[in-house]
Amino acid sequence: MGRHRSDPMGIARLVLIGLAVLLALAVAGAFATSLLTVLGSGDAEAVPSSSPRVSGGTPSPASTRTATVQIVCSADRCPVFVRIPGGDVLMDRDLTRGEQASYFDPELDVVLGDASTVTVLENGTQRPPGETGERQAFKVSRSR
């Protein structure tokens with residue numbers, strides 16, 4: 001009769017497999033968190049704190065001042081790009097009908113994919129609407 005001998009690597013293999021599974025779960029969790037953060041940053045509710053969204057209801061002190069630029073979508077899809085010149089991109093996505101975004105930064109670069117689909121207020125003054133399908137790029141500075 002032969003002797004039964006246990007494999008010396010048996011437990012070590014199980015431990016390595018367990019560590020690999022934990023590492024895979026950690027990477028998947030980090031990826032999911034990053035993905036949700038990136039997808040949420042384009043949402044009008046998630047605009048940076050320096051650029052709060054104007055909404056209905058009781059006005060807060062931040063919403064009583066006039067926005068440098070306010071963009072309101074009046075079509076099913078409104079392609080909009082807003083950034084601080086030489087700096088952060090604040091919005092690069094399509095707004096949907098009725099959605100609006102307001103920014104209070106001192107200077108902004110704005111690009112409208114179709115200028116006829118949005119209403120733009122520059123320092124509280126309405127900008128003339130563009131032609132259907134017209135792409136507009138312009139700079140807005142905060143009035144003093």
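1. Let's start with the two cysteines, Cys73 and Cys78: both are buried, where buried means under 20% relative accessible area, exposed over 50%, and partly exposed in between (1.4 Å probe, protein chains only). They form a disulfide, with their sulfur atoms 2.0 Å apart; the term stands for a pair of cysteine sulfur atoms within 2.5 Å. The structure holds one such link. It is right-handed, with 75 degrees about the S-S bond between Cys73 and Cys78.

2. A word on what you're looking at: this is a predicted model, in which local features need pLDDT of at least 70 and side-chain atom pairs count only at pLDDT 80 or more, while totals for chains, interfaces and linings use all residues. Residues are numbered from 1 along each chain as its sequence is written, and side-chain values use heavy atoms, with hydrogens and water left out.

3. Now the overall layout. The protein chain has two helices and eight strands, and from the N terminus on they run α-α-β-β-β-β-β-β-β-β. Helices (H or I, at least four residues) and strands (E, at least two) are DSSP runs, numbered from the N terminus.

4. Which strands make up the open sheet? There are four, in the order β4-β1-β6-β7, with antiparallel pairing. The edges are β4 (100-103) and β7 (125-126), and each of these pairs on one side only. Two strands pair if DSSP finds at least two bridges between them; β1 (residues 69-73) and β6 (residues 118-122) have five. Here our cysteine turns up again: Cys73 stands opposite Val118 in β6.

5. Take a look at Gln100, in strand β4. Is Gln100 buried or exposed? It counts as buried because its relative accessible area is 16%. Its side chain joins that of Gln70 through a polar contact of 3.0 Å. That term covers a pair of N or O atoms within 3.5 Å; within protein, one must be able to donate a hydrogen and the other to accept it, and residues adjacent in sequence count only if both atoms are side-chain atoms.

6. Val89 sits in strand β3 (residues 89-95). With a relative accessible area of 48%, Val89 is partly exposed. Leaving aside neighbours within four places in sequence, Val89 is in contact (heavy atoms within 4.5 Å) with Phe81, Val82 and Arg83.

7. Finally, the whole chain: buried residues make up 27% of its 144 residues. Of the contacts with a separation of 6 or more, 61% are between residues 24 or more positions apart.
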